[in-house]
Amino acid sequence: MEQTIRMPEEMTPDLLREMILPADRESMEIARRRWQTVAKPLLSLGKLEDAIIKIAGMKRDAGFTLQKKGLIIMCADNGVVEEGVTQTGQEVTAVVADNFTKKAASVAIMSEVAGADLFPVDIGMAADVPSVTKPEDKVAYGTKNMRKEPAMTREQAWQAILTGIRIVSRLKAEGYDIAATGEMGIGNTTTSSAVASVLLEKPVEEVTGKGAGLSSEGLEQKITVIRQAVRLHRPDKEDVLDVLSKVGGLDIAGLAGVYLGGALMHMPVVVDGFISAVAALCAVRLIPDAKDYMLPSHVSKEPAGQMLLDALGMSPFLTCDMNLGEGSGAVAVLPLLEMGLQVYRRMSTFEEINVEQYEMLR
């Protein structure tokens, strides 16, 4: 059964690594055997069956439920926008973040349909938004321009990760069963492309897309700026905190913390698209066992979308050519997971309906 995990007052990467344990294989085996008794063709729900088995291992409970669902949206601004890498200004970040609280954003409507509660977090917006900003969660008023100087300090990157862990801890204490990831921040496809380029060891042009509607000329500028930032700072691909602090964003670091918090609290966390997947890769590179607590959702239309899923060893549930962000893909998959779970929990067994059980053929 699930256990309450207490966070120490001072968390370090080494301590976190010791505290995060792999998913429970025994619970996964119990769930796998349960699926084999459900009165339907074996393995006929495919990835949904695999997901339920995985969640059983995450929660250490083959009889789990997913009654309370939350979407954590990390909101932050990026100093690199002054280099002309976006179509809009960073003031849009604050407007959209406020709209999350008014159910006036795309993902807010989708979340309502999916039965998920929204938790927008001002981890680093350039301005305070009264409906969102909490001083204890805010690390900085945006990052620096990475083309000229490191985006943030190493300490700020770790503080953002800790904020993500703390948010998951809060949700766990409030009885939430599963978290989805989302983000909002003008310029964050630029920072995400920079981080992806370093961690995937891919040329910048292969992992960089147009984001929220750049022109072809704008894309060339974006690629040039990222190349210059990586060349200037020489981030160490073996050191996630170094990469995040030099060319990353506070939203990416915060989401990495959400994944690590899910692993620590035995709560499944659903990966959204490109930016959320970059953060997931950061979390896995920092603590490999964190991968056991992640679930994919969709494959982003951004160039590195599939590359990141491949690096994470994940296969998406959905292929919808989405690149909205905000957690839209992650909440879209929540009803699918609930459907799979209800079949797993409620459907009769072969024995109960007096039908000979299917055998696993080789």
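Colleague: Where does H266 lie?
Modeller: H266 sits in the loop between α11 (250-265) and β4 (269-270); helices (H or I, at least four residues) and strands (E, at least two) are DSSP runs, numbered from the N terminus. This is a predicted model, in which local features need pLDDT of at least 70, side-chain atom pairs count only at pLDDT 80 or more, and totals for chains, interfaces and linings use all residues. Residues are numbered from 1 along each chain as its sequence is written, and side-chain values use heavy atoms, without hydrogens and water.

Colleague: Why does H266 count as buried?
Modeller: Buried means under 20% relative accessible area, exposed over 50%, and partly exposed in between (1.4 Å probe, protein chains only). H266 has 6% relative accessibility, so H266 counts as buried. Its phi is near 60°, a positive value in a residue other than glycine.

Colleague: And why is L43 called exposed?
Modeller: The relative accessible area of L43 is 55%, so L43 is exposed. L43 is found in the loop between α2 (25-37) and α3 (47-59), and has a positive phi of about 65° although it is not a glycine.

Colleague: What makes a space a pocket here?
Modeller: On a 1 Å grid over the protein atoms alone, a pocket is an open set of points where a 1.4 Å probe fits, with protein on both sides within 12 Å along at least five of seven lines; lining residues have an atom within 4 Å of a point. The largest pocket has a volume of about 480 Å³, the space filled by probe spheres set on the points, which are joined across faces, edges and corners. Of its 31 lining residues, the closest to the centre are N188, T189, A212, N323 and L324.
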